[in-house]
Amino acid sequence: MDTQIILIYCLCDDLLKAMHHHEDAQCQMSDAEVMTVALVAALHFRGNFALAGRMLSSHGYLPVLLDKSRFSRRLHRIKPMFLTLFALLGESFKALNEESVYIIDTFPIAACDNWRIPHSKRYRGEAYRGRQASKKRYFYGLKIHLLVTANAEPVEFFFTPGSVSDVAGLDFFDFDLPAGSQIIGDKAYNDYELEDVLREADLHLTPLRKSNSKRPFPPWMHYLQAHYRKAVETAGSLLERLLPKSIHAVTAEGFELKLVLFVLALSISRLPLEG
């Protein structure tokens with residue numbers, strides 16, 4: 001864990017310096033330290049900032065630890081930095097992805113239990129009620145749409161209300177990928193029009209086909225798709241390990257910030273710690 005903590009701090013500190021990030025001279029805790037606490041919490045403490053802060057302080061990593069209210073305000077203020085760090089890590093993963101194979105999938109995140117939907121303050125409306133087909137149940141919250149490499153390294157993500165279908169979510173992906181890349185998804189991602197558009201950019205969307213598909217793939221393609229689909233299942237399992245049973249957040253903005261931290265923590269967990 002020590003090596004990973006140092007790696008996280010160095011990544012955050014180098015990023016802020018490269019962006020010429022300005023901090024008030026009176027700040028007792030630097031923004032790099034705030035980012036480190038948040039990411040260590042997402043990686044090892046199920047998103048509990050207080051536990052992560054106390055651990056880092058007791059082991060001498062932090063000279064000063066802010067109180068809960070001040071820490072929260074500072075954390076929300078630097079939210080764009082987390083997204084920038086994710087984008088930079090994603091670019092590194094793409095540069096190292098010699099196979100140029102990517103996999104897309106969605107992961108439902110419940111904002112509350114079904115019986116508490118009428119009392120939910122973070123989200124309201126039927127737009128957030130979605131169905132998790134793999135478990136044949138409904139949930140109320142958000143979907144994480146994730147694009148990963150064949151080694152389960154995240155390179156792109158975004159959130160939508162739970163009712164947004166997987167195929168509708170395709171329109172929100174940037175697909176900023178190297179020419180010749182192959183993008184694999186399950187049967188929910190069949191969109192012939194988008195496949196044609198991406199092909200013009202030398203990107204190849206090859207989802208699993210339905211039995212009545214008008215554009216069936218050859219049998220060998222099914223084997224290849226099944227092989228690479230394991231990567232997104234690995235990413236999903238790793239993300240699920242990081243997530244607590246319920247994410248504690250008062251506002252929708254705070255809930256989504258914690259989700260950003262969990263996805264970024266997934267990226268950092270895929271970085272090699274040696275060599």
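A pocket is here an open set of grid points, on a 1 Å grid over the protein atoms alone, with protein on both sides within 12 Å along at least five of seven lines. In this predicted model, the largest pocket has a volume of about 1500 Å³. Its lining is made up of 47 residues. Pro-108, Ile-109, Ala-110, Gln-132 and Phe-139 are the lining residues nearest the centre of this pocket. Four elements each supply at least two residues of the lining, namely the strands β1 (101–112), β2 (129–132) and β3 (137–149) and the helix α8 (219–242). Of these, β1 provides the largest share, with eight residues. Sorted by class, the lining of the largest pocket holds 17 nonpolar, 16 charged and 14 polar residues.

The second largest pocket holds about 630 Å³ of space. It is lined by 27 residues, and those nearest its centre are Phe-49, Lys-68, Ser-72, His-248 and Lys-258. Two or more residues of this lining come from each of α3 (49–58), α4 (68–77) and α9 (252–269). The most is given by α4, which contributes five residues. The lining of the second largest pocket comprises 13 nonpolar, nine polar and five charged residues.

The overall fold was described next. The protein has nine helices and six strands. Along the principal axes, the C-alpha atoms fill a box of roughly 65 × 50 × 30 Å. Of the 275 residues, 49% are buried. Among contacts with a separation of 6 or more, 63% are between residues 24 or more positions apart.

Thr-106 is found in β1, the strand that gives the largest share of the lining of the largest pocket. With a relative accessible area of 12%, Thr-106 falls under the 20% limit and is therefore buried. Its side chain is joined to that of Asp-166 by a polar contact of 3.1 Å. Leaving out residues up to four places away in sequence, Thr-106 touches Lys-143, Ile-144, His-145, Asp-166 and Tyr-189.

Lys-143 lies in strand β3. Its relative accessible area is 9%, so Lys-143 is also classed as buried. A polar atom of the Lys-143 side chain lies 2.9 Å from the backbone oxygen of Val-164. The side chains of Lys-143 and Asp-166 are joined by a polar contact of 3.5 Å.

Attention then turned to residues in loops. Gly-47 lies in the loop between α2 (31–44) and α3. Gly-47 counts as buried because its relative accessibility is 6%. Apart from neighbours within four places in sequence, Gly-47 is in contact with Ala-41, Ala-42, Lys-258 and Phe-262. One of these, Lys-258, is among the lining residues nearest the centre of the second largest pocket. Gly-47 and Gly-90 are separated by 43 residues in sequence, and their C-alpha atoms are 22 Å apart in space.

The backbone angle phi was considered last. Most residues other than glycine have a negative phi. His-20, however, has a positive phi, near 55°. His-20 is placed in the loop between α1 (2–18) and α2. Its relative accessibility of 72% is over the 50% limit, so His-20 counts as exposed. A positive phi, near 60°, is also found at Asp-202. Asp-202 belongs to the loop between α7 (192–200) and β6 (204–205). With a relative accessible area of 36%, Asp-202 is classed as partly exposed, because this value lies between the 20% and 50% limits.

Note on methods:
Residues are numbered from 1 along each chain as its sequence is written. This is a predicted model: local features need pLDDT of at least 70, side-chain atom pairs count only at pLDDT 80 or more; totals for chains, interfaces and linings use all residues. Side-chain values use heavy atoms; hydrogens and water are left out. On a 1 Å grid over the protein atoms alone, a cavity is a set of points where a 1.4 Å probe fits but cannot get out, and a pocket is an open set with protein on both sides within 12 Å along at least five of seven lines; lining residues have an atom within 4 Å of a point. Grid points are joined across faces, edges and corners, and a volume is the space filled by probe spheres set on the points. Ala, Val, Leu, Ile, Met, Phe, Trp, Tyr, Cys and Pro count as nonpolar, Asp, Glu, Lys and Arg as charged, and the others, Gly among them, as polar. Buried means under 20% relative accessible area, exposed over 50%, partly exposed in between (1.4 Å probe, protein chains only). A polar contact is a pair of N or O atoms within 3.5 Å; within protein, one must be able to donate a hydrogen and the other to accept it, and residues adjacent in sequence count only if both atoms are side-chain atoms. Contact means heavy atoms within 4.5 Å.
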